[in-house]
Amino acid sequence: MYKVVLIPGDGIGPEVAEATRKIVGATGVEIDWLVVEAGTAVLDKTGELIPQSVFDAIEAHRVVLKGPITTPIGGGFKSINVLLRQKYELYANMRPVTSYPEIGKYSEVDLVIFRENTEDLYAGREVRVSEDEVHGIKVITRQASENIVRAAFEYSKRKKRQKVCAVHKANIMKMADGLFLEASRNVAADYPDIEYSEVIVDNMCMQLVMYPEKFDVVVTENLYGDILSDLAAGLVGGLGLIPSANIGKDCAIFEAVHGSAPDIAGKGIANPIALTLSAAMMLDYLGETTAASRVRTAVYRVLKAGIELTPDLGGKGTTKKLTGVVIDAL
Ligand code: NAD
């Protein structure tokens, strides 16, 4: 019996979290879910976006499945997601993006984006210099850069992936992105059997749209990784399909790439697949690799058959019905 912290989140979070829990339950892997609330739901009750009980649960169990959480714009609230990634040093954010038959605009995408998760412009170092001027400070360290690039190469070695591409803007940010590239090259030198390349981020956006099949493993800084993974999601059918894992030394948080989708929250039509595939990554992390593969295969079959797809995938299905057919496929 594994103990896993479940943060349902807000917006569509509780709907997709419930669906995912049922699908994981259907694999037969026994999980004792410790459900804790964070986000706007508790903010109204407690005045805090993330109560101490959430930190206590994470520290006790170290494995978390998390629904999306709305970040109020302005008002001095730091994003819970950024806070958790920094607090638990979840330096590696891994986002696999794969084409499914008959879905999305491209059929041969199979790439994995490794996004640095703890620093860059997301370090939250903003200074109001005057009424009319704010400085947002970009933090890049050799250690964090090496950590994420090594994570990308180690994954490539383990999964027999052929190529790693580092994405940067060192032509303009010569010092910050220059240091990221220097760290990338140093790490790449330890993996002579894996092809290493570098692409400037704006060019990468164009290349990903024109020839996404050319890319295998992509490693980049925090902001570029955030943007590129949403772009890549758009190539294969949208955010409803893309999972992610935030991995640190002794803690991991699994969550969909998408947000709380306030435009469809409560309508019963949210796509549960992104969080379900995140749970499959969690099962892998727990060593339950057979159950993880079964979940991925079930999702693949349902998408291929096009049964009960939710509206984001062009269907008329609901969260509940799509969940039901994934469980049947399992
Ligand atoms: P979003 O990802 O919530 O939604 C973007 C679009 O994709 C919307 O049209 C939405 O309906 C659609 N979409 C997203 N997930 C879907 C799903 N599972 N099924 C069907 N359609 C789906 O992005 P946003 O609107 O920019 O952000 C809303 C809030 O979520 C913001 O407060 C943002 O800060 C937060 N957010 C949280 C996380 C997280 O918790 N990890 C990640 C991203 C954004």
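Here is what to look for along the way.

A word on the ground rules: this is a predicted model, where local features need pLDDT of at least 70 and side-chain atom pairs count only at pLDDT 80 or more, while totals for chains, interfaces and linings use all residues. Residues are numbered from 1 along each chain as its sequence is written.

Start with the helices. Two packed helices are described by the angle between their axes and the distance between the axes. For α10 (residues 289–305) and α11 (residues 319–329), the axes come within 8 Å and cross at roughly 120 degrees. Helices here are DSSP runs (H or I, at least four residues; strands are E, at least two), numbered from the N terminus. The axes themselves are lines fitted to C-alpha atoms over the stretch in contact, with angles from 0 to 180 degrees between N-to-C directions. Meeting there are Ala298, Val299, Arg301 and Val302 in α10 with Val325, Val326 and Ala329 in α11, contact being C-beta atoms, placed from the backbone, within 7 Å.

Finally, look at Glu116, in strand β5 (residues 110–116). Is Glu116 buried or exposed? Glu116 is buried, because 27 other C-beta atoms lie within 10 Å (20 or more count as buried, 12 or fewer as exposed, in between as partly exposed, with C-beta atoms placed from the backbone). Beyond its neighbours within four places in sequence, Glu116 has contacts including Tyr91, Ala144 and Glu221.

Methods:
Contact = placed C-beta atoms within 7 Å.
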